[in-house]
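Student: Hi! I'm new to this one, could you walk me through it?
Tutor: Happy to, let's look together.

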Amino acid sequence: MASSSPPSKYFFLVVLVLCFIVGSLVAVASAGNFNQDFEITWGDGRGKILNNNELLMLSLDKGSGSGFQSVNEYLFGKIDMQLKLVPGYSAGTVTAYYLASKGLTWDETDFEFLGNLSGDPYILHTNVYSQGKGNREQQFYLWFDPTADFHTYSILWNSQRIVFSVDGTAIREFKNLESIGVPFPKNQPMRLYSSLWNADDWATRGGLVKTDWTKAPFTAFYRNFNAINACVWSSGASSCTSKSPSSTISAGNTWLSQEFDLASQEKLKWVQRNYMIYNYCNDTKRFPQGFPQECALLS
């Protein structure tokens, strides 16, 4: 029997090169391709896709803001995006990042970042619309400077809950409470939208602080979009319905049935206890006749 010789050093070199190439391809895939995944829809050139399609920039000046939308529509999913917000004096500006459907009875889940004076914190404004009805605002300060670096803002949306997260920490949960008559977004596919625009009639201190156009252009940056496991809606069908539940979950879609474990619940309570600055469910002046019915049950 002929003895087998050990692999040569060239064999190991080839393996290392192949591993590097595969790793690079995976990294590129996870980072997303803005030119394939999105289209800039307004702004007359103020929105730009840069860095080999891995970075997107929106800008705002006195002439106009800018915005983009996803090519795909989604009906449930976990969607992540890294944002780096307008630095310095950003009062009057709003950077909106949200899922929304079309029509008079639309569904929508909002992240809106309200600019402020230099050195003052951003306010993260969240809202949920279902069948055209919103008025479910919760607002937060962040525990970091969102202009100094990129941070990940995520929306997890399944048939039982919508969860807003920042850098993997849940800050808000909106549960499906159809059992008590509260509409829940579950039938209308939504696109991902983002825009940078002037809202100095309300965004900063109720409109008291205006946009300083001498500071323009204001710019926000986006990278590492990830909706790889979301359910794409196309031609009246979901990409997830063609798979069995077991194969879908094993493919990474654990968000389809995800619930909060004890550690996640504690993190959510920590954020809401320390960083929530407005909750519609506590606003007695706004709801003198009684709070919306979900307020008794929502976390």
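**A buried arginine and other contacts**

Tutor: Let's start with Arg-136, which is buried, with a relative accessible area of 2%; buried means under 20% relative accessible area, exposed over 50%, and partly exposed in between (1.4 Å probe, protein chains only). Please keep in mind that this is a predicted model, where local features need pLDDT of at least 70, side-chain atom pairs count only at pLDDT 80 or more, and totals for chains, interfaces and linings use all residues. Residues are numbered from 1 along each chain as its sequence is written, and side-chain values use heavy atoms, with hydrogens and water left out.

Student: Which side chain does Arg-136 meet in a salt bridge?
Tutor: That is Glu-294, at 3.0 Å from N to O. A salt bridge here is a side-chain nitrogen of Lys or Arg within 4 Å of a carboxyl oxygen of Asp or Glu. Strands are DSSP runs (E, at least two residues), numbered from the N terminus.

Student: And is Glu-294 buried or exposed?
Tutor: Glu-294 counts as buried, at 4% relative accessibility.

Student: How many salt bridges does the structure hold?
Tutor: There are 7. One of them joins the side chains of Lys-186 and Glu-178 at 3.2 Å, N to O. Lys-186 is partly exposed at 30% relative accessibility, and Glu-178 is partly exposed with a relative accessible area of 34%.

Student: New topic! How many disulfides are there?
Tutor: A search of the whole structure finds 2, a disulfide being a pair of cysteine sulfur atoms within 2.5 Å. Cys-281 and Cys-295 form one, with their sulfur atoms 2.0 Å apart. Both of these cysteines are buried, and their link is left-handed, with -80° about the S-S bond.

Student: What about the link of Cys-231 and Cys-240?
Tutor: That link is left-handed, with -95° about the S-S bond. Cys-231 is buried at 2% relative accessible area, and Cys-240 counts as buried at 10%.

Student: Last one: which residues touch the most other members of the largest nonpolar core?
Tutor: Among them are Phe-111, Trp-157 and Tyr-222, in a core of 50 residues. Strand 14 (residues 218–226) gives the largest share, 4 residues. A nonpolar core is a set of buried Ala, Val, Leu, Ile, Met, Phe, Trp, Tyr and Cys residues joined through side-chain atoms within 4.5 Å.
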